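Work through the exercises below with the sequence and the coordinates open. Each task is followed by a stepwise solution.

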Amino acid sequence: MMCGSLWNGHSRLISTRDPQDLAIAPERQVSALVIFRKAWKSRVALLAACVLTVLGLAVTHTGVAHAASSPPATTLGIWTSAEDGGSYSTISGQHPNVANVYEYWGNSFPTSFADAAESAGATPFMELEPWQGVVDDGQHGNACAYSSNFPAMTTIGANGSAISSYLDSLGSAIASFGHPVILTFAHEFNIGGQYPWSEGDCEGTTAAQWIQAWDTVRSDVDSTANGLASFMWVPGAATETGGQDTTYNPTPYWPGASNVDMVGVDGYPSTQFGASQGTFKGMFGLVFSQIQALSSLPIFIAETNLAPLGGSGYETIPNFISDLCSDGGDGVLEWEDDGAPAMTSTQWTELDNALASDCGSSSSPSAPAVTTSAASGVTATAATLNGTVNPEGAAATYQFQYGTSTSYGSVTPASPASAGSGSSAVAESTSLSGLSASTTYDYRLMATNATGTTDGGNQTFTTPAASSGTAFTAVGGLIQGTSLKPSVTAHAAGDVILLHVTTEGHAPPTGISGGGATWTQVGTTLRGSVNSGFSAAVYEGTVTAAGTATATVTTSGTPSAVRIAGQEYNPGSGQAGVLVAQANLDVAGTGTGPSITPTGSNELYSFYGYDTDTGSAGSTPGYTYELDSNGNIYAFDPASPATPPAFGDSDVAFGIAVLIEPAPGRAASSSAEVSPASLRVKRAQVSEEAGQA
């Protein structure tokens, strides 16, 4: 659903530095073990070392809003020199589920690192650092000697073409990765003398300029990340007065509650600058209260070193963790390297046990929670199976079982696929082909983690009778996205891809271009009257070669939100899709799609509508109903439907329905494109049905 005028997208960013292969001991889940890759940081005496700055969306600023998915869990993090050897366990049974690397501005997404992390059951956590020059000694060195590769914070905030192009590429890489990513940008901003972007440092960045840069990063990344990125806002907690750094209240840097997914803070307990700082209250009490005045999110100590705890002048690890968890914290990340003291195995055991006892983590996670959902895109020979998996905080895999009885007999995918290691439900789906017509199939989703296997409930679908005509046959499942640059898996040359594009923010679609298919607009653009600011258009692409079809939709202005849905169809050998008629919907809410009277046989009805509430499918015979990730409905019927689709609720308010018929067209191939003339409007019946019910 796209609730009223607010449509939730999702934005986040990534950073990495010198990726290492992950080989994580899987014996035991200790909730969120975050692995940091921070070889340039040299000593723990810098009380606010480098932060796990997984930034979030800027709230009171314009831009794409976040999706409603929950961010990954973070309870126990660890970074030690053992990471260089690919081993993250410090004692038997530790199992990290978040892996972190760092990237300078301009570096690309570390795909190999992310793939290895995901395979090991860890969520990649990437930190982007906008350095102004080379860090020559692991400290601050030549930090403000400007380089073309490292733009100033004000340049990032201005969001010129080079900035947006780079950030769009990061978001696209996250979308291609296909799994959740935790992101951070320009961390420890409130510690002067720490980084060039910090308050009072050489760039002279103000809080407003920092927020503007944050807003740019999260908006641009979010526009292409397909809702898979989560940002953490992380100030520093160092409170020294006699050292080289000065800590400021982080409040002016707060982007707003709705623009932050996760909250962290960096700090190292040390009595060097005061006896009280050997305790949780003394080291973190002030900054926790400052953050809690801004947000109710749990606070993760994103970087610290607890080895001194239990020594003279320091509280014990169990007492520290007890105070942390009772004061609204949810975990810690232990950082050890370059001369930093190392925790003993006894201390690690104390930490693991204290986190499990006081912060609610568990060394014995539950088996996955699994739901089998309704199948979609059912044709005589194909269908898409759907469901959700909650890994319950441990690395999990999934497969669908299917067959003509509850004995099943077949699985897909052939090898178990990763469901991640988060603690919230993640949608999973897989496409079937080669099915028999007029056959009922049973299927269920099953998932496995270290604790056990859970079988979802059984569902069924029935394939329709095979058609002897040239009706459109659906190929694959629902195509959906939130970017003006969709990328679609194209199954065969000559197939037709229909994309319904809806925008909000008085920025109607104006055109389309791309590769892998010949694109053209079908019918006319709809501009909302009842739903002011909304616009919609339908585009058709004839596939020129199997593989990937890309499209770039242009708009007049920048939309505040974008929703795209559609389907790939095989219109028949040597055929192309031609518009018969269009009908528009622009109402406060209805339970019925726009009506179009068929003019012949084998005409495809295609409709995508914005739902003002949680959408639900309908039951009109002949129609296939598919819901996108926001609850908006896509419905189609390739058999010249006599009646429009009825929906399961009466909140569908805006969208375009088109009636398409197959017509002779030049066969597409990798070396020849379908003539745009074959995509012309055949009979332009465009009706503005503003009051349609």
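Two strands count as paired if DSSP finds at least two bridges between them. The model used here is predicted.

**Exercise 1. In which order do the five strands of the open sheet run, and is the pairing parallel or antiparallel?**

Step 1. Line the strands up by partner. The order is E20-E28-E22-E25-E24, and the pairing is antiparallel.

Step 2. Find the edges. Strand E20 (473-481) and E24 each have a single partner strand, so one side of each is left without a neighbour in the sheet.

Step 3. Check one pair inside the order. Strand E22 (residues 496-504) and strand E28 (residues 561-570) are antiparallel and share nine bridges. Pick out His 500: its bridge partner in E28 is Ala 565.

**Exercise 2. Describe the hairpin of E24 and E25, then that of E31 and E32.**

Step 1. Take E24 (residues 517-527) and E25 (residues 534-543). They pair in the antiparallel sense over eight bridges. Trp 519 has Gly 541 of E25 as its bridge partner.

Step 2. Move to E31 (residues 624-627) and E32 (residues 633-637). Their antiparallel pairing runs over four bridges.

Step 3. Look at Thr 624, which sits in strand E31. Its relative accessibility is 14%, so Thr 624 counts as buried. Setting aside neighbours within four places in sequence, its contacts are Gly 377, Val 378, Tyr 634, Ala 635 and Phe 636.

**Exercise 3. Which residues of helix H6 are buried, and what covers them?**

Step 1. The buried residues of H6 are Ile 317, Phe 320, Ile 321, Leu 324 and Cys 325.

Step 2. Locate them around the axis. They cover an arc of only 125 degrees, which puts them on the same side of H6. The spacing has a simple basis: an α-helix has 3.6 residues a turn, so residues three or four places apart point the same way.

Step 3. List the cover. It includes helix H5 (280-292), strand E10 (299-304), strand E11 (329-335) and helix H7 (345-358).

Step 4. Look past the end of the helix. Gly 328 follows H6 and has a positive phi, near 100 degrees.

**Exercise 4. How many salt bridges does a search of the whole structure find? Characterise each.**

Step 1. Run the search. It finds three salt bridges.

Step 2. Start with Arg 218 and Asp 215. Their closest N and O atoms are 2.1 Å apart. Both residues lie in helix H4 (residues 207-222), three residues apart, about one turn of the helix. Burial needs a relative accessible area under 20%. Arg 218 has 1%, so it is buried. Asp 215, at 7%, is buried as well.

Step 3. Go on to Asp 327 and Lys 281, whose side chains meet in a salt bridge of 2.6 Å, N to O. Asp 327 lies in the loop between H6 and E11 and Lys 281 in helix H5, so the pair ties together parts 46 residues apart in sequence. Lys 281 is partly exposed, at 46% relative accessible area.

Step 4. Finish with Arg 444 and Asp 455, whose closest N and O atoms are 3.5 Å apart. Arg 444 lies in strand E17 (residues 440-448) and Asp 455 in strand E18 (residues 453-455), so this pair links parts eleven residues apart in sequence. Both ends are partly exposed: Arg 444 at 21%, Asp 455 at 39%.

**Exercise 5. How many residues does the largest nonpolar core have, and which have the most contacts inside it?**

Step 1. Count. The largest nonpolar core has 69 residues.

Step 2. Trp 105, Trp 210, Trp 233, Phe 284, Ile 321 and Leu 351 have the most.

Step 3. Assign to elements. H4 gives the most to this core, with seven residues.

Step 4. Check for another core. A second, separate one has 21 residues, including Phe 472, Ala 474, Val 538 and Tyr 569.

Definitions and conventions:
Residues numbered from 1 in each chain as written. Predicted model: local features only at pLDDT ≥ 70, side-chain atom pairs only at ≥ 80, totals over all residues. Heavy atoms only, no water. Buried < 20%, exposed > 50% of the residue type's maximum accessible area, 1.4 Å probe, protein only. Helix = DSSP H or I, 4+ residues; strand = E, 2+ residues; numbered from the N terminus. Arc of directions from axis to C-beta. Contact = heavy atoms within 4.5 Å. Salt bridge = Lys/Arg side-chain N within 4 Å of Asp/Glu carboxyl O. Core = buried A, V, L, I, M, F, W, Y, C linked by side-chain atoms within 4.5 Å.
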